[in-house]
Amino acid sequence: MKFENSKSMEITKKANEMKQEDDQVIILSIGDSHFNPPQQIMDKAHQAINNEKTHYMSAKGLLGLRKNISKFYFSETRINEGEVIIVPGLKTGLFFLLKALQKKRVCLLEPYWLGYKHIANLLDYDYITINMHKKGWLNKLREKNLMF
């Protein structure tokens, strides 16, 4: 298994260098906003720190948050908080999902986020890319037996 540098982070590094010279540069290479979180969220984070909520928790995430997500999104489908996990980001969540599914082949629909290919490589999965802007892309999916 080869661990590669993140192309998104390489682009971000270059964009940050450009931003040093021109503060009008807005970096859109990664999912990090160019503004601070809303004050209400920062206040809640400070409150949690002041209440000493700074220790390890369940790897699934905070129980209260999982319960609220279960009620809000899954009340109709009977998915309970025990079946909900909170992950620190998309890359981690996709890694866990693909590892759990134990498939060995994935299809990347172009254009795609650069991290998808990296995750496939980390898991030693075969992948195929399909450009959805090219004519006949759906037929290519069928030919490769990638349709559900």
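Lys13 is found in helix α1, where helices are DSSP runs of H or I with at least four residues, strands are runs of E with at least two, and both are numbered from the N terminus. The structure is a predicted model, in which local features need pLDDT of at least 70 and side-chain atom pairs count only at pLDDT 80 or more, whereas totals for chains, interfaces and linings use all residues. Residues are numbered from 1 along each chain as its sequence is written, and side-chain values use heavy atoms, with hydrogens and water left out. Lys13 counts as exposed because its relative accessibility is 57% (buried means under 20% relative accessible area, exposed over 50%, and partly exposed in between, with a 1.4 Å probe and protein chains only). From C-alpha to C-alpha, Lys13 and Ile27 are 9.8 Å apart in space, with a separation of 14 residues in sequence.

Helix α1, which comprises residues 7-21, also holds Ala15, and this residue is buried, since its relative accessible area is 12%. Ala15 and Ile79 are 64 residues apart in sequence, and their C-alpha atoms lie 42 Å apart in space.

For helix α2 (residues 39-50), which has 12 residues, the distance from the first C-alpha to the last is 16 Å, close to the 16 Å expected at 1.5 Å a residue; the expected span is 1.5 Å times one less than the number of residues in the helix. Just after α2, Glu52 takes a positive phi of about 60°. Helix α4 (residues 90-101) also has 12 residues and should therefore span 16 Å at 1.5 Å a residue, which agrees with the 16 Å between its end C-alpha atoms. Gln102 follows α4 and has a positive phi, near 55°.

A nonpolar patch on the surface is formed by Met57, Leu62 and Leu65, which together have about 290 Å² of accessible area. Patches are made of residues with over 30% relative accessible area and no salt bridge, like charges being joined within 9 Å and nonpolar side chains (Val, Leu, Ile, Met, Phe, Trp, Tyr) within 5 Å; a salt bridge is a side-chain nitrogen of Lys or Arg within 4 Å of a carboxyl oxygen of Asp or Glu. Leu65 lies in helix α3 (residues 63-74) and is partly exposed, because its relative accessible area is 39%.

Strands β1 (residues 105-110) and β2 (residues 126-131) run parallel and are joined by six bridges, where pairing requires that DSSP finds at least two bridges between two strands. Cys107 has Ile128 in β2 as its bridge partner.

Terms used
Areas by Shrake-Rupley, 256 points an atom, 1.4 Å probe, with all protein chains shown as cover.
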